[in-house]
Number of protein chains: 2
Amino acid sequence: MTKLSVEEKQSDRRSQVALAAMKLIAEQGLQKTSLRAIAHELGCTTGVLTHYFRNKDELLLFLLEVVMERLAEKMAITVQDVEGIDRLTVMMLAVFPTTDELKQIWRVWLAFVGYMPGHVGLMEEHKTLYQEFKTSLKNELTALVETGAIATDLDLDFEAAAWIALMDGIGVNMLAAPQTYSDKQLKMMINRHVRSLLPNIE
Amino acid sequence: MTKLSVEEKQSDRRSQVALAAMKLIAEQGLQKTSLRAIAHELGCTTGVLTHYFRNKDELLLFLLEVVMERLAEKMAITVQDVEGIDRLTVMMLAVFPTTDELKQIWRVWLAFVGYMPGHVGLMEEHKTLYQEFKTSLKNELTALVETGAIATDLDLDFEAAAWIALMDGIGVNMLAAPQTYSDKQLKMMINRHVRSLLPNIE
DNA sequence: AAATAATCATAACAGGTGTTGTAAAATGAG
DNA sequence: CTCATTTTACAACACCTGTTATGATTATTT
């Protein structure tokens with residue numbers, strides 16, 4: 001076997017651990033998700049975890065990356081056949097916590113955000129991932145400006161942040177509050193925001 | 001001393017404990033906020049905590065109530081001299097995590113939301129408090145409909161939930177992301193949302 | 001003043017935590 | 001097959017956790 005596929009195997013094992021951790025965190029929160037619990041969920045002992053991760057924080061960090069990557073992936077897939085202003089809408093709709101997997105992802109992210117105070121490494125990593133996310137969104141907006149789909153006098157950095165805020169708000173509420181939005185209502189909220197980006201045609 | 005003032009004293013002590021807990025949770029997260037740490041922060045021993053609270057979850061539950069009440073208070077105060085559509089705007093601006101106290105409150109709330117999975121009691125309480133919050137917002141909207149300030153064909157239940165989602169999204173981002181919104185940007189985001197509620201005048 | 005209740009300190013308990021080191025098993029290369 | 005490396009299991013470590021019980025101290029009431 002080549003060296004590359006060995007690394008892939010390693011990476012796979014790490015992903016398996018991360019997925020087991022994700023399931024537990026989504027089900028019972030970060031506090032109750034101990035290394036032993038993760039190992040049990042995976043069907044092994046903590047020896048595996050300590051072999052692939054220096055410590056627990058590094059495991060959580062890796063999980064955060066996996067989760068964010070998964071979100072970006074989902075957005076990229078759903079958007080590939082869509083053109084124009086609709087790209088923004090479908091990107092949003094693709095990542096709301098509607099399916100079990102997306103609910104898990106959002107719960108993990110929420111657990112992280114609550115866990116971050118006092119954990120400098122995690123905060124830094126989260127900031128970085130957030131920046132990447134914002135940048136890709138900003139690129140999306142830039143392309144739309146160039147095609148004339150949205151107004152040209154927008155502060156795209158701010159607009160990208162506003163998009164993320166809207167996403168986070170809806171996502172958090174779908175998990176933490178009894179309110180469950182219908183598809184129609186979700187689209188309405190997004191369309192309102194989209195409309196605020198359109199060029200003012202008289 | 002009358003019986004009432006005794007109860008007030010009790011309530012005061014409980015509040016003191018809750019405030020100490022709030023400070024620690026905001027600083028170093030829920031995980032590191034043990035009962036002993038809270039007691040140390042308050043300058044007493046765990047005997048006080050166990051005397052005023054059955055267990056830790058009950059303490060956290062009380063803290064959640066205190067925090068939510070504080071938010072409602074702040075909104076009520078800032079809104080009392082404002083009339084019309086502006087009431088919505090000032091209510092929002094009054095509770096964003098701009099000051100140290102508000103940052104603490106939001107961090108505590110975030111810690112809760114991340115802590116909730118697997119803790120039925122806390123989830124139930126959060127749902128209840130969320131409902132109260134939504135109801136008062138809905139009342140606000142109803143009043144605005146009656147004065148003709150906003151459109152009459154709105155689903156106020158949905159609109160109230162949308163407001164909260166907007167609030168949560170901005171608040172979460174202000175804490176968890178490097179983005180810091182300027183006053184101008186905050187007002188812009190809110191005004192956009194307000195505009196979507198206005199009656200369509202030709 | 002005596003008795004009752006509220007408040008708080010202290011210590012112990014049983015259990016769980018992340019981390020570390022060591023040795024066994026599995027795997028791959030020469 | 002042999003040897004070296006990777007992968008895993010296991011046990012022990014020191015420490016921290018929430019909870020509970022027991023007294024001491026203080027406050028309130030009778």
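**Two-fold arrangement and packing in the predicted model**

Of the residues of chain A, A:G169 lies closest to the rotation axis, with its C-alpha atom at 1.7 Å. The model in which this axis is found is a predicted one. Superposition of chain A on chain B requires a turn of 180 degrees together with a shift of 0.0 Å along the axis, and leaves an RMSD of 0.0 Å. The two copies are therefore related as by a two-fold rotation axis.

The contact between the two chains involves 39 residues of chain A and 39 residues of chain B. On the side of chain A that touches chain B, the elements that contribute two or more residues are α1 (3-28), α6 (100-115), α7 (120-146), α8 (156-176) and α9 (183-195) of chain A. Among these, α8(A) gives the most, with 12 residues. By class, the side of chain A that touches chain B is made up of 21 nonpolar, 12 polar and six charged residues. Because 100% of the interface residues of chain A are also interface residues in chain B, the copies meet through the same surface.

The C-alpha trace of chain A spans about 65 × 45 × 30 Å along its principal axes, and 32% of the 202 residues of chain A count as buried. When contacts in chain A between residues at least 6 apart in sequence are considered, 60% of them join residues at least 24 apart.

Chain A is divided into two domains, with domain 1 covering residues 1-53 and domain 2 covering residues 61-195. The centres of domain 1 of chain A and domain 2 of chain A, taken over C-alpha atoms, are separated by 26 Å. Contact between them is made by 11 residues of domain 1 of chain A and 10 residues of domain 2 of chain A. On the side of domain 1 of chain A that touches domain 2 of chain A, seven residues are nonpolar, two are polar and two are charged.

Helix packing was examined in chain B, where helix α6 (residues 100-115) and helix α8 (residues 156-176) pack at an angle of about 100 degrees, with their axes 10 Å apart. Because angles of 65 to 115 degrees count as roughly perpendicular, α6(B) is described as roughly perpendicular to α8(B). From α6(B), the contact is made by B:K103, B:W106, B:R107 and B:L110, whereas α8(B) supplies B:G171, B:V172 and B:L175. By class, the contact of α6(B) with α8(B) comprises four nonpolar, one polar and two charged residues.

A further position considered in chain B is B:K23, which is located in helix α1 (residues 3-28) of that chain. With 17 other C-beta atoms within 10 Å, B:K23 is partly exposed, since a residue is counted as buried at 20 or more such atoms and as exposed at 12 or fewer. Residues up to four places away in sequence aside, B:K23 touches B:E41 and B:Q104. The C-alpha atoms of B:K23 and B:T33, which are 10 residues apart along the chain, are separated by 9.5 Å.

Definitions and conventions:
Residues numbered from 1 in each chain as written. Chains lettered and ligands numbered in written order. Predicted model: local features only at pLDDT ≥ 70, side-chain atom pairs only at ≥ 80, totals over all residues. Helix = DSSP H or I, 4+ residues; strand = E, 2+ residues; numbered from the N terminus. Contact = placed C-beta atoms within 7 Å. Domains from an automatic or database assignment. Nonpolar A, V, L, I, M, F, W, Y, C, P; charged D, E, K, R; others polar. Axes fitted to C-alpha atoms, helices over the stretch in contact; angles between N-to-C directions. Parallel < 35°, antiparallel > 145°, perpendicular 65-115°, else oblique. Least-squares fit on C-alpha atoms with pLDDT ≥ 70 in both.
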